[in-house]
Amino acid sequence: MKIVGRISGDLKELMHTRFDEIADAARAAVRSASEGLQAELRRQTRAAGLGNGLEKAWRLDLYPKVSRRRTLRPAGLVYSKAARLHDAFDDGEMITARNAKWMVIPLPAAKAAGFDRDPHRREGRQIGLIPPKWSNIDAATAKFGALRFVAIGNGARALLVADGKARGETLARGGAGRVTSIPLFLLVKRVRGRKLLDLAAAAKQAEAQLVANLSNILGR
């Protein structure tokens, strides 16, 4: 999304008397609108619960990059470093795992045991189809041993199941207790994302803010 500020009309007098002032004000107006757009997109991403990585993936560049180069046509570019995912949650489109692999979704039992977060990977460090923080299969395997793969439906979904001994509300790897199995993770090859973002509305809001900013400059 590109925001461009243009001041038109009879600029001859402005060029001679107030060029630096107007150029600086125009850059400030574009900066304000662009930063507002970036903040709104990050707010939407945060409110949708998509994680810190996708929130911080919204970036902003201002042009000219060197503020000392004054122009009456400054521009701001707000862009995504995870455009595929942001577009998917804007359109509500189908998300498919790469290379015929699985996307891993922790089930309630995994969340209760803390297997929905990997403490050894910093949130937002890597942006993939599903943020790494959403699952920690290694920790589950270390606690219960190899998880059992159970295909369900037509093979497009599967479960990873922990087998162990139940002791009250706790599942243990061995020892006393009744033998039981608990599904920990749901595996899916594709999932249709809900529309969680409204990029067009954010851009429209930023454009209106830019017009107001520029009108304030011309009204001085």
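Helix α2 is followed by Gly 49, which has a positive phi near 70°. Helices (H or I, at least four residues) and strands (E, at least two) are DSSP runs, numbered from the N terminus. The model is predicted, so local features need pLDDT of at least 70 and side-chain atom pairs count only at pLDDT 80 or more, whereas totals for chains, interfaces and linings use all residues. Residues are numbered from 1 along each chain as its sequence is written, and side-chain values use heavy atoms, leaving out hydrogens and water.

In total the protein has 7 helices and 10 strands. Of its 220 residues, 38% are buried; here buried means under 20% relative accessible area, exposed over 50%, and partly exposed in between, with a 1.4 Å probe and protein chains only. Among contacts (heavy atoms within 4.5 Å) between residues at least 6 apart in sequence, 65% join residues at least 24 apart.

Helix α2 itself covers residues 19-47. With 29 residues at 1.5 Å a residue, α2 should span 42 Å, and the 42 Å between its end C-alpha atoms agrees with this. The expected span is 1.5 Å times one less than the number of residues. Ala 29 lies in this helix and counts as buried because its relative accessible area is 5%. The C-alpha atoms of Ala 29 and Leu 214 are 6.4 Å apart in space, although 185 residues separate the two in sequence.

The largest nonpolar core has 22 residues, of which Leu 37, Leu 41, Phe 89 and Ile 95 touch the most other members. At least two residues of this core come from each of α2, α4 (83-91), β7 (157-167), β9 (178-188) and α7 (199-218). A second, separate core has 12 residues, including Phe 115, Leu 147, Ala 158 and Leu 160. A nonpolar core is a set of buried Ala, Val, Leu, Ile, Met, Phe, Trp, Tyr and Cys residues joined through side-chain atoms within 4.5 Å.

Next come the aromatic rings. A pair of aromatic rings is described by the distance of the centres and the angle of the planes. Rings of Phe, Tyr and Trp (its six-membered ring) pair if their centres lie within 6.5 Å; planes under 30 degrees apart count as stacked, over 60 as edge-to-face and the rest as tilted. The structure holds 2 such pairs. Phe 115 and Phe 144 have ring centres 6.2 Å apart and planes at 90°, so this pair is edge-to-face. It links distant parts of the chain, 29 residues apart: Phe 115 is in the loop between α5 (108-112) and α6 (137-144), and Phe 144 is in helix α6. Phe 115 counts as buried because its relative accessibility is 6%, and Phe 144 counts as buried because its value is 9%.

Another ring has a charge over it: the charged end of Lys 189 sits over the ring of Trp 102, 4.1 Å from its centre. The criterion is NZ of Lys or CZ of Arg within 6 Å of the ring centre and within 35 degrees of the ring normal.

Tyr 63 belongs to strand β2 (residues 58-63) and, at 33% relative accessibility, counts as partly exposed. Not counting residues up to four places away in sequence, Tyr 63 touches Arg 27, Pro 74, Ala 75 and Leu 77. Ala 75 is 12 residues from Tyr 63 in sequence, with 5.1 Å between their C-alpha atoms. A cis peptide bond, with omega about -5°, joins Tyr 63 to Pro 64, and Pro 64 is in the loop between β2 and β3 (75-80).
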